Amino acid sequence: MRKEDCLDLLKKRIPEDTHPQVNFCLRNGMVLSMDSVARFEEQYVVFRGREGGTSDEGRAFFLPYDEICYIRIERIVRMGELKKMYGEGGFVDAEDRLSGTASVGHVSPAASPSSPQAPVPTPAPVSANDPAAIAKQNLLNRIRAARANVAGTSTNKLGGG
């Protein structure tokens, strides 16, 4: 990667609170996990972190920009969050529409006034930084939706003759 690209991503696009989830994937296949950036120098970036696959935290790295193959955020990132990094707003992810957490003004395409829907319980707030909690909530939402669909289908089959 070019220095300008790295600076753009780390200073402007990727929020600073997300930096501990950033991995530098190097040309030689090695991965360095970043904790926090100390300095951006002319030829390299200085940061604290650890090597991928180790538990040795708090190490100092002086990484030349031209050794960086790509930068990865090591968590689930929604499309709306990616678009927000580039200044695009108003995008609602499919997961948000399905879970009923879509922003006001956006209507779910699945909602239709003619089909009765079972009340959907309000999901508990999920920490944006906890992938396990997000995955659990997504699974619960899918199970609830599937249960509602099965209940509606079996009722129609039994009553339809």
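**Reading rings and strands in a predicted model**

Modeller: Ring pairs link F24, F47 and F61 into a cluster. This is a predicted model, where local features need pLDDT of at least 70, side-chain atom pairs count only at pLDDT 80 or more, and totals for chains, interfaces and linings use all residues. Residues are numbered from 1 along each chain as its sequence is written, and side-chain values use heavy atoms, with hydrogens and water left out.

Biologist: Are F24 and F47 buried or exposed?

Modeller: Buried means under 20% relative accessible area, exposed over 50%, partly exposed in between (1.4 Å probe, protein chains only). F24 and F47 are both buried.

Biologist: What kind of pair do Y44 and F62 form?

Modeller: Their ring centres are 6.4 Å apart and the planes lie at 65°, so Y44 and F62 are edge-to-face. Y44 is in strand β3 and F62 in strand β4 (residues 59-64), 18 residues apart. Y44 is partly exposed, at 33% relative accessible area. F62 counts as exposed, because its relative accessibility is 55%.

Biologist: Why is β1 described as largely enclosed by the rest of the structure?

Modeller: Five of the five residues of β1 are buried, so the strand is largely enclosed. V22, F24 and L26 point one way, while N23 and C25 point the other.

Biologist: Which strands pair with β1?

Modeller: Two strands pair if DSSP finds at least two bridges between them. β1 pairs with strand β5 (residues 68-73) in the antiparallel sense, over five bridges. There, N23 has R72 as its bridge partner. β1 also pairs with strand β2 (residues 31-40), again antiparallel, over three bridges. C25 has V31 as its bridge partner in β2.

Biologist: What is in the turn of the β1 and β2 hairpin?

Modeller: Four residues lie between the two strands, and G29 in the turn has a positive phi of about 95°.

Note on methods:
Phe/Tyr/Trp six-rings, centres within 6.5 Å; stacked < 30°, edge-to-face > 60°.
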